[in-house]
Amino acid sequence: MLFASLAAQASPLSAQQIKDLQSLVSQLNPIQQAWVSGYLAAAAQLSGQAAAPVQQSSESAVLTILYGSQTGNAKAVANKIKAAAEQQGIAVKLTDIGSYKTTQLVKEKYLLIVTSTYGEGEPPESAVAFHKFLFSKKAPKLDGLQFAVLGLGDTSYEFFCKTAIDFDEQLAALGGKRLHARADLDVDYAAQAASWTETAVQAFAPELKQASGSAQVIAWPGATATAGHDSAYSKETPYLAELSVNQKITGRDSTKDVRHIEISLADSGITYQPGDALGVYFLNDDKAVDAILTATGLAGTTEVQLAGQTYSLKTALTEHLELTQSYPSFVEKYAEATANSELLELVKDKAALRQYLDNRQTLDVILQNPAPLTAQQLVDAFRKQQPRLYSIASSQAEVGDEVHLTLGVVRYDAFGSTHLGGASGFLAERLEEGAQLKVFVEHNDNFRLPDHETPVIMIGPGTGIAPFRAFLQERDQAGATGQNWLFFGNPHFTQDFLYQVELQDYLKRGVLSKLDVAFSRDQAQKVYVQDKLRLKAEEIWTWLQQGAYLYICGDGNKMAKDVHQALLDIAQQQAGLNAEEAEQYFDDLRQAKRYQKDVY
């Protein structure tokens, strides 16, 4: 009603601006709407007092920073680089690489890219289009470009920092000048990223100041204000929340253990949107810690140094070090510290080492190769524990000061014992309801609902249903009129139909327009969500032609690729496109933010 009356009056906004404003406001919760209102009022007041934005003498005097982020780390580092550059008087334009217009690349003079790498050497979802463009026939000559690339990755994966390597080498191949050497950083990247930032900014500063004469920071009213979804809590300063509910939502005979988790955010002021993720810090299993101390012959009370702080060895092992996820560098460092000849030989063969670590946790390496070493040597072999990110399964419009997760417990038997995932084991088995845990929200602007009228197709088998539960709650509370179509899959109807009652209620009330399920083990021939997509090819294509947004959440190694191939097949079948044209169609959807993925 508000926007209808605005349009009817002599509004200074165009019809498109009103539509854009409506789309933005529909995605904000009441707290965020109030902040935007105050922000705009303050900006209007300041506009009459503050000087006009500084105009650069030439566009070349601006440093463009692009970030490609899968989990938020690259974005955080890019923001720190921006701050460091601005402190040196450099004008900066910071952009999510997914929103960057590739036609602008040929005009760039100074470019810095921070990017993660996903899965088997693939770019993060937001960087897919840019990556394709850079390696396509459309990529321009970049003889006037000076650039630098920073890669974030994980050495436990075979194709470590491959996206950064790709960008770095291709920009040079297209004629760009590498102004600062690329760095490829592992998961514990903070100190090295800070060092690289300092030297990179020093490399760009004289070039930019020379180009502009007197480089200035681009300022505009309200630039120092806190962003609408910022809070006092972050990855570096998490919130001490309370676990309210831990409920198993798979059947007794299910092959999967999936938990519905509810966490209280009361009095935190933390806000989130559907599509965001929750970062969870966890404590390692006391039994695992004690087993490591026994195998190494070390006392838990021994003091050790970790990132400039002093801890007891037991505290370091329990709270700060990675004991579950395995990674090659640990084997190498542990082998050297213990002079283990078999492990030293193993680390020479990368393929054999990865196979060795395939079903071993870090603690298995120690327990299977017990040897004396100093407490500090042991600590130095580990890498710092990283929080786990989980897609949020709730909308604050419905649950208020809570956040819900759909948690798949990692559990498997190996070497005569049951192994649990670090965070999933902590949340499901070791943390009691009412106990506290450290959390933070990781905002994901590349996985967002459209306006209330636009139809959406959601493909989320297994725990991939999590963000779509949030989507449905959000649209239900907003009274959205856009149609919602969900594809869900799991092994068995009777054991694994997650949130069955809720989904059936949404279907009955019309919030969920269509629900297609694929229970793969309930018949002789396995049926998956991609098979259901193909069966509904004509209708899916009709929805896409009518402007529907398309979302995929879940396993990125196989499911997401199989679903993407099914979508390509649908485009070819329904529109007569060839393979290249079908790929381009979905690339265009991705560029238009109509094809979004949250995969892991």
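Q: Which residues in α21 meet α23?
A: Trp541, Leu544 and Gln545 in α21 meet Tyr585, Phe586 and Leu589 in α23. Contact here means heavy atoms within 4.5 Å. Helices are DSSP runs (H or I, at least four residues) and strands are too (E, at least two), numbered from the N terminus.

Q: What classes are those residues?
A: The contact of α21 with α23 has 5 nonpolar, 1 polar and no charged residues. Ala, Val, Leu, Ile, Met, Phe, Trp, Tyr, Cys and Pro count as nonpolar, Asp, Glu, Lys and Arg as charged, and the others, Gly among them, as polar.

Q: Before going on, what kind of model is this?
A: It is a predicted model, where local features need pLDDT of at least 70, side-chain atom pairs count only at pLDDT 80 or more, and totals for chains, interfaces and linings use all residues. Residues are numbered from 1 along each chain as its sequence is written, and side-chain values use heavy atoms, with hydrogens and water left out.

Q: At what angle do α21 and α23 cross?
A: The axes of α21 (residues 537-545) and α23 (residues 579-591) cross at roughly 45° and come within 13 Å. That makes α21 oblique to α23. Axes are lines fitted to C-alpha atoms, for helices over the stretch in contact, and angles run from 0 to 180 degrees between N-to-C directions. Under 35 degrees is roughly parallel, over 145 roughly antiparallel, 65 to 115 roughly perpendicular and the rest oblique.

Q: And α21 with α22?
A: The axes of α21 and α22 (residues 559-575) come within 10 Å and cross at roughly 90°, which means α21 is roughly perpendicular to α22. On the α21 side the contact includes Ile540 and Trp541, and on the α22 side Ile570 and Ala571 are among the residues.

Q: Switching topic: how many cavities are there?
A: A search of the whole structure finds 4 cavities of 30 Å³ or more. On a 1 Å grid over the protein atoms alone, a cavity is a set of points where a 1.4 Å probe fits but cannot get out, and lining residues have an atom within 4 Å of a point. Grid points are joined across faces, edges and corners, and a volume is the space filled by probe spheres set on the points.

Q: What lines the largest one?
A: It is lined by 16 residues, with Glu125, Ser126, Asn446, Arg590 and Lys593 nearest its centre. The largest share, 3 residues, comes from β21. By class, the lining has 5 nonpolar, 6 polar and 5 charged residues.

Terms used:
1 Å grid on protein atoms, 1.4 Å probe; cavity = no way out; pocket = protein on both sides within 12 Å on 5 of 7 lines; lining within 4 Å.
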